[in-house]
Amino acid sequence: MNNEISENLDFVELVNLIANEHRIPRIFRQRPDYFQCLRDFEFVERLRLSKSAELYVHDLIKQTIEHPTNRNFAVTSKHMLLMTLRYFASGSFLIVCGDFVGVHKSTASRTITRVSRAIARLNSQFIRFPETEEEITLTRQDFYAKCKFPRCTGIIDCTLIKIRSPGGEDAEIYRNRKQYFSFNVQAICNVNLKFINIVARWPGSSHDSTIFNNSSIRGKFERGEMSDSLLIGDSGYPIRPLLLTKLSIAKSSTQWG
């Protein structure tokens with residue numbers, strides 16, 4: 001009986017030895033403190049945000065993204081945000097962004113997704129179209145004070161955000177006029193270049209005017225919720241009482257502005 005037990009234990013040890021022979025040992029890399037090792041302008045060059053702005057965003061999403069414990073050398077919430085900002089700023093490969101804070105690319109992938117979703121949930125706090133009469137009046141006054149343009153509440157345009165082919169039967173609707181796959185994202189900003197409305201659900205083949213015609217913002221203007229206010233756009237939009245575009249040919253110095 002004892003001999004059988006001994007033989008079984010030897011067999012288990014042999015199996016464990018074979019199974020672990022080619023296992024790569026875990027390496028916990030040093031994670032640099034970029035707030036200390038980078039000067040202010042170097043920090044902005046790499047992340048496109050100042051240190052104070054990064055800390056502000058970090059405070060907003062810290063409780064959402066941080067891990068409940070520090071087991072297994074968990075990535076801190078501050079490093080999670082730094083890695084995500086590096087990815088946004090450079091558009092680089094996950095392995096490069098992971099190296100930025102000393103983690104594997106699989107960890108980088110999960111982290112960037114986690115932080116991106118946390119930031120996206122803040123949209124209603126910062127991206128707000130003027131709604132009350134006071135907000136509309138203040139926005140119009142700011143435009144006139146800076147640009148001498150009356151009644152204006154925003155500047156509208158669309159931009160193509162490149163993506164990989166989503167595949168499937170509808171993949172080609174995401175191919176834009178420049179022949180790459182994308183979303184066509186509509187954005188409206190105020191005179192201070194702050195986004196006040198974003199529509200990011202239309203495929204790249206959609207025309208700018210189509211997106212605007214189906215947006216809730218158009219409904220606000222047509223229902224009279226914005227008084228006699230108007231938007232300014234480019235030639236991708238038709239001229240309407242609520243949306244003005246630039247002249248294709250200026251015939252006088254006044255028209256040139």
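In what sense do S4 and strand S5 pair, and over how many bridges? S4 and strand S5 (residues 243-245) pair in the parallel sense, over 3 bridges.

## Basis of the model

This is a predicted model: local features need pLDDT of at least 70, side-chain atom pairs count only at pLDDT 80 or more, and totals for chains, interfaces and linings use all residues. Residues are numbered from 1 along each chain as its sequence is written, and side-chain values use heavy atoms, with hydrogens and water left out.

Helices (H or I, at least four residues) and strands (E, at least two) are DSSP runs, numbered from the N terminus.

## The sheet

The open sheet has 5 strands, in the order S3-S2-S1-S4-S5. Its pairing is mixed. Two strands pair if DSSP finds at least two bridges between them. Strand S3 (195-203) and S5 stand at the edges. Each has a single partner strand, so one side of each is left without a neighbour in the sheet. From one strand to the next, the twist averages 25°.

S4 runs parallel to strand S1 (residues 152-162), and 3 bridges join them. Cysteine 152 has leucine 230 in S4 as its bridge partner. Toward S5, glycine 233 is bridged to threonine 245, and leucine 231 stands opposite leucine 243.

Helix H9 (residues 133-147) lies across S1 and strand S2 (182-189). H9 runs at about 85° to S1.

## Helix packing

Two packed helices are described by the angle between their axes and the distance between the axes. Axes are lines fitted to C-alpha atoms, for helices over the stretch in contact, and angles run from 0 to 180 degrees between N-to-C directions.

H5 and H7 pack at about 90°, with axes 9 Å apart. They are therefore roughly perpendicular; that class covers 65 to 115 degrees, while under 35 counts as roughly parallel, over 145 as roughly antiparallel and the rest as oblique. On the H5 side, the contact (heavy atoms within 4.5 Å) is made by Met80, Leu81, Met83, Thr84, Tyr87 and Phe88. H7 brings residues including Ala108, Thr111, Ile112 and Val115.

H6 and H7 also cross at roughly 90°, and their axes come within 8 Å. This pair is therefore roughly perpendicular too. Leu94, Ile95 and Gly98 in H6 meet Lys105, Ala108, Ser109 and Ile112 in H7.

## Nonpolar cores

In soluble globular proteins, nonpolar side chains tend to be buried together. A nonpolar core here is a set of buried Ala, Val, Leu, Ile, Met, Phe, Trp, Tyr and Cys residues joined through side-chain atoms within 4.5 Å.

Which residues of the largest core touch the most other members? They are Tyr34, Phe43, Ile61 and Met83, out of 23 residues. Helix H2 (34-37), H3, H4, helix H5 (77-90), helix H6 (94-101) and helix H7 (105-120) each supply at least two residues. H5 gives the largest share, 5 residues. A second, separate core has 17 residues, among them Phe129, Ile156, Leu231 and Leu243.

Beyond four places in sequence, methionine 83 touches Cys97, Gly98, Val101, Val103, Ala108, Thr111 and Ile112.

## Single residues to look at

The structure holds 0 disulfides, a disulfide being a pair of cysteine sulfur atoms within 2.5 Å. Cysteine 97 is buried at 1% relative accessibility. Cysteine 37 is partly exposed at 46%.

Is lysine 220 buried or exposed? Lysine 220 is buried, with a relative accessible area of 17%. This residue lies in helix H11. Leaving aside neighbours within four places in sequence, lysine 220 is in contact with Phe129, Glu131, Glu225 and Met226.

Two non-glycine residues have positive phi. Arginine 48 has a phi near 65°, and serine 227 has one of about 60°. Arginine 48 lies in the loop between helix H3 (40-47) and helix H4 (51-65), and is exposed at 61% relative accessibility. Serine 227 sits in the loop between helix H11 (216-222) and strand S4 (230-233), and is exposed at 56%.

Notes: Buried < 20%, exposed > 50% of the residue type's maximum accessible area, 1.4 Å probe, protein only.
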